Amino acid sequence: MTSAPVTLTLQSPQDTADFAARLGATLRPADVLLLQGEIGSGKTHFARSLIQSLMNPPEDVPSPTFTLVQAYDTQIGEIWHCDLYRLTSVDEVDELGLTEAFDTALCLVEWPDKLGPLTPDTALTLAFQTDPVETETRHLTLSWSDPKWLGKLENTL
């Protein structure tokens, strides 16, 4: 079963952070979010906001651009925030331990196209696009095939 994509318009960084917190409240280990979009489209801001919403107290959440993976212990369990931009082959995904983390941690993956055939079928894809006129506005398209996402999203949209 594939769901029709849902598109949201987030008017500001705060709207993005608020949506991230609402979605974060529904997530559990083994949920995977694939964050797509150009550089500067809001992927890291969304991930940072979601992670901080699950920390008590919230801590600094740096971008994993150079470390590739940042792991956090939160009230719902471990969260992996991954930035795969610098990977050059699918083999490197396995070396990071990411495929195992898909089963045990909440995973937020930026540049998920680098996963290739390792992309989990159960993931929620969030595609960020900057509005061409309003630079702080983001259009966010959510798509999924696993029916669990319909229930998780019904109170967050």
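Three aromatic pairs turn up when the whole structure is searched, where pairing asks that ring centres of Phe, Tyr and Trp (its six-membered ring) lie within 6.5 Å, with planes under 30 degrees apart called stacked, over 60 edge-to-face and the rest tilted. This is a predicted model, in which local features need pLDDT of at least 70, side-chain atom pairs count only at pLDDT 80 or more, and totals for chains, interfaces and linings use all residues. Residues are numbered from 1 along each chain as its sequence is written, and side-chain values use heavy atoms, leaving out hydrogens and water.

**Aromatic rings**
- Phenylalanine 19 and phenylalanine 46 make a tilted pair, at 6.2 Å centre to centre and 35 degrees between the planes.
- Because phenylalanine 19 sits in helix H1 (residues 13–24) and phenylalanine 46 in helix H2 (residues 43–53), their pair ties together parts 27 residues apart in sequence; helices here are DSSP runs of H or I with at least four residues, strands runs of E with at least two, numbered from the N terminus.
- Both phenylalanine 19 and phenylalanine 46 are buried (under 20% relative accessible area, with exposed over 50% and partly exposed in between; 1.4 Å probe, protein chains only).
- Ring pairs join Phe19, Phe46 and Phe128 in a cluster.

**Positive phi**
- Most residues other than glycine have a negative phi.
- Alanine 30, not a glycine, has a positive phi of about 85 degrees; alanine 30 belongs to the loop between H1 and strand E2 (32–36) and is partly exposed at 27% relative accessible area.
- Tryptophan 111 also has a positive phi, near 60 degrees; tryptophan 111 lies in the loop between strand E5 (106–110) and strand E6 (124–130) and counts as buried at 17% relative accessibility.
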